[in-house]
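Q: Hi! Could you walk me through this model while I have it open?
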Amino acid sequence: MITSAVRGVVVAALTTTFALLPALAHAEEKDADNDIERVELVGLSGSDTTPVRDVETSDSWTNHMDLYTEVTDGSGKKTLRHAGDGTSECSAIVVQGPEVTAQCTRVLRLEKGTLTLSDMIRYKPGERVTAKTGITAGTGHYRSAYGEGHIALEGRQVRLVLDVDE
């Protein structure tokens, strides 16, 4: 025979389990519907305050760029469509001869909202820069954005491929 104390514990355990089931089902549904939006942009640098002299540790600079997306028309021809603008602010954290490692924060203003990125990049004279970038914040459509992407810098051109999770 089951004592009343054991019966009370079993009832409490079952009640707790049934109370949590809807929340657990909702969490699984949310994870199953975890959409990642791919954002691909081409930036063309306009103004740039990178020091013209040798860069020293703690030197900072800003860059403004116009942002574009590649669009393919009916004939297969690719063109650039204006998508917004962006700024980056970088600070040199390590300087070894001509090689500079910088911590950068970038803000991209797009039609649907803004995205804020953070990355560390290494500049070597004459070489293309590639690095991972983290999505740290956003506004508007991207208000709960996070994720990561890749950045490539070559001359005045910046290429961004971002996987935006919400």
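Predicted model: local features only at pLDDT ≥ 70, side-chain atom pairs only at ≥ 80, totals over all residues.
Q: Are Cys 90 and Cys 104 buried or exposed?
A: Both Cys 90 and Cys 104 are buried. Here buried means under 20% relative accessible area, exposed means over 50%, and partly exposed is in between, with a 1.4 Å probe and protein chains only. Residues are numbered from 1 along each chain as its sequence is written, and side-chain values use heavy atoms, with hydrogens and water left out.

Q: What joins Cys 90 to Cys 104?
A: A disulfide, with an S to S distance of 2.1 Å. The rule asks for a pair of cysteine sulfur atoms within 2.5 Å, and by that rule the count comes to one disulfide. Cys 90 sits in strand β3 (residues 78–96) and Cys 104 in strand β4 (residues 99–110), so the pair links distant parts of the chain, 14 residues apart. Strands are DSSP runs (E, at least two residues), as helices are (H or I, at least four), numbered from the N terminus.

Q: Which hand does the disulfide have, and why?
A: The disulfide is right-handed, because the torsion about the S-S bond of Cys 90 and Cys 104 is about 115°.

Q: Switching to the surface: which residues form a nonpolar patch?
A: Ile 93, Val 94 and Met 120, with about 240 Å² of accessible area together. Patches are made of residues with over 30% relative accessible area and no salt bridge; like charges are joined within 9 Å, and nonpolar side chains (Val, Leu, Ile, Met, Phe, Trp, Tyr) within 5 Å. The areas come from the Shrake-Rupley method with a 1.4 Å probe, and for residues only the protein chains shown count as cover. Val 94 lies in strand β3 and is partly exposed, at 36% relative accessible area.

Q: And Thr 101, what is it in contact with?
A: Leaving aside neighbours within four places in sequence, Thr 101 is in contact (heavy atoms within 4.5 Å) with Ser 91, Ala 92, Ile 93, Val 94, Met 120, Ile 121 and Arg 122. Thr 101 is found in strand β4 and counts as buried because its relative accessibility is 14%. Thr 101 and Arg 122 are 21 residues apart in sequence, yet 4.3 Å apart in space, C-alpha to C-alpha.

Q: How many salt bridges does the structure hold?
A: Eight. A salt bridge is a side-chain nitrogen of Lys or Arg within 4 Å of a carboxyl oxygen of Asp or Glu. One of them pairs Arg 38 with Asp 163 at 2.8 Å, N to O. That pair links distant parts of the chain, from strand β1 (residues 36–48) to strand β8 (residues 157–165), 125 residues apart. Asp 163 is partly exposed, at 27% relative accessibility.

Q: What does Glu 154 meet in a salt bridge?
A: Arg 128, at 3.5 Å, N to O. Glu 154 lies in strand β7 (residues 146–154) and Arg 128 in the loop between β5 and β6, so the pair ties together parts 26 residues apart in sequence. Glu 154 is exposed at 51% relative accessible area, while Arg 128 is partly exposed at 48%.

Q: Which residues do salt bridges with shared partners join into one network?
A: Glu 99, Arg 122 and Lys 124. Within it, the side chains of Glu 99 and Lys 124 meet at 3.7 Å, N to O.
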